[in-house]
Each structure stands twice: as structure tokens, then as C-alpha cells.
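The structure is placed below for reference.

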Amino acid sequence: MVSQVTLNVQGMSCGHCVNAVESNVGKLDGVEQVNVHLETGKVDVSFDEKKITVEKIKETIDDQGYEVK
Ligand SMILES: [Cu+2]
């Protein structure tokens with residue numbers, strides 16, 4: 001079953017940041033779709049909760065150097 005979460009992420013400022021988050025979160029097993037909204041700092045993620053947790057998604061964003069609220 002696919003779940004949807006919107007995370008508030010601080011520190012994303014340009015297209016490079018968008019790419020870093022979208023590509024690294026997007027390649028996680030269980031993530032169906034990831035969409036970064038640079039203007040608002042919001043990151044929409046669709047994921048299979050049987051395969052991956054929100055914690056793991058947050059961790060991955062954090063690893064890129066951005067703070068997840
Ligand atoms: Cu950037």
C-alpha cells in the first residue's frame with residue numbers, strides 16, 4: 001500500500017539541492033515518487049510502507065546535508 005508524506009526540509013536553495021534530494025530519495029527501495037518544492041521547502045514522497053519507513057527517508061535527506069523538520 002502506498003503512503004504519502006510531506007516533509008519540511010531546510011537548507012535547499014537551488015536546483016542542485018533539488019536534484020540531490022530527488023535522486024537520492026528516489027533511488028531508495030520502496031520510494032515510488034519524490035517531488036521537491038524549492039520555494040516552500042516541502043518534499044512530497046510517495047512510498048510503500050512495507051518496504052521503507054519515513055525515518056529512513058528523513059535520514060537520507062539529512063545525509064545530503066539538509067535539515068528535516
Ligand atoms: Cu543547492
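Is Cys14 buried, partly exposed or exposed? I looked up Cys14 and found it partly exposed, at a relative accessible area of 33%; buried means under 20%, exposed over 50%, and partly exposed in between, with a 1.4 Å probe and protein chains only.

I note that this is a predicted model, in which local features need pLDDT of at least 70, side-chain atom pairs count only at pLDDT 80 or more, and totals for chains, interfaces and linings use all residues. Residues are numbered from 1 along each chain as its sequence is written, and side-chain values use heavy atoms, with hydrogens and water left out.

Metal site. I find the copper ion coordinated by Cys14 (SG) and Cys17 (SG), at 2.0 to 2.1 Å. Donors are N, O and S atoms within 2.8 Å of the metal (3.2 Å for Na, K and Ca); water is not among the atoms, so sites may look incomplete. Cys17 is buried, at 5% relative accessibility.

Salt bridges. I applied the rule of a side-chain nitrogen of Lys or Arg within 4 Å of a carboxyl oxygen of Asp or Glu, and the count is two. One joins Lys58 and Glu55 at 3.9 Å, N to O. Lys58 is partly exposed at 27%, and Glu55 is exposed at 52%. The other joins Glu67 and Lys69 at 3.3 Å, N to O. Glu67 is partly exposed at 41%, whereas Lys69 is exposed at 56%.

Asp48. I find Asp48 buried yet without a salt bridge; Lys51, the nearest side chain of opposite charge, is 4.6 Å away. Lys and Arg count as positive, Asp and Glu as negative, and His and the chain ends are not counted.
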